[in-house]
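Please look through the sequence and the 3D structure shown here before reading on. The briefing that follows is meant for a reader who is new to both.

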Amino acid sequence: MPAEFLYNLTKNLSAHLQHKLCAVLPKEYRGIGIGTELMRALLGELKSVGFGQVSLSVQKTNRAVRLYRKIGFVTIDENDEEYIMLCRL
């Protein structure tokens with residue numbers, strides 16, 4: 001992910017109170033660390049522009065739950081289908 005893209009993304013995000021972002025890696029790129037690096041880069045950029053925390057929702061059956069926990073997200077709520085997770089930056 002180019003740094004310029006992250007800069008433009010975080011610049012636009014910081015102008016709003018709540019934001020939604022959906023990212024999906026093609027199957028052939030899953031499980032090799034790309035998602036982890038993308039999330040760490042995004043969280044680092046968000047922290048650098050003043051965000052203190054990031055939350056997300058993820059379906060309980062999604063393999064990404066493990067990734068989110070590995071990089072610091074914790075479950076703060078849940079329903080039958082999904083977790084609501086928070087990462088303090």
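**Briefing on the predicted model**

Leaving aside residues up to four places away in sequence, Tyr-68 touches Met-39, Leu-56, Val-58, Phe-73 and Met-85, where a contact means heavy atoms within 4.5 Å. This is a predicted model, in which local features need pLDDT of at least 70 and side-chain atom pairs count only at pLDDT 80 or more, while totals for chains, interfaces and linings use all residues. Residues are numbered from 1 along each chain as its sequence is written, and side-chain values use heavy atoms, with hydrogens and water left out.

**Overall build**

- The protein chain has three helices and three strands, which follow one another from the N terminus in the order α-α-β-α-β-β; helices (H or I, at least four residues) and strands (E, at least two) are DSSP runs, numbered from the N terminus.
- Of the 89 residues in the protein chain, 27% are buried, where buried means under 20% relative accessible area, exposed over 50%, and partly exposed in between, with a 1.4 Å probe and protein chains only.
- When contacts between residues at least 6 apart in sequence are considered, 53% of them join residues at least 24 apart.
- The protein chain exposes about 6700 Å², of which carbon and sulfur atoms supply 51%; the areas come from the Shrake-Rupley method with a 1.4 Å probe, and for residues only the protein chains shown count as cover.

**Strand pairing**

- β1 and β3 pair in the antiparallel sense over seven bridges, two strands being paired if DSSP finds at least two bridges between them, and Leu-56 stands opposite Met-85 in β3.
- Strand β2 (residues 74-78) is joined to β3 by four bridges, and these two strands also run antiparallel, forming a hairpin with three residues between them.
- Within this pairing, Met-85 in β3 is the bridge partner of Thr-75, and Leu-86 in β3 is the bridge partner of Val-74.

**Nonpolar core**

- The largest nonpolar core holds 17 residues, of which Val-58, Tyr-68, Phe-73 and Met-85 touch the most other members; such a core is a set of buried Ala, Val, Leu, Ile, Met, Phe, Trp, Tyr and Cys residues joined through side-chain atoms within 4.5 Å.
- Two or more residues of this core come from each of α2, β1 (53-59), α3 (64-70) and β3 (82-88).
- In soluble globular proteins, nonpolar side chains tend to be buried together.

- Thr-36 lies in helix α2 (residues 34-48) and counts as buried because its relative accessible area is 10%; leaving aside residues up to four places away in sequence, Thr-36 touches Leu-67, Lys-70 and Ile-71.
- Tyr-29 lies in the loop between α1 (3-13) and α2, and because its relative accessibility is 42%, Tyr-29 counts as partly exposed.
- Ala-23 is also found in the loop between α1 and α2, and Ala-23 counts as exposed because its relative accessible area is 67%.
- Ala-23 and Leu-38 are 15 residues apart along the chain, and their C-alpha atoms are separated by 9.7 Å.
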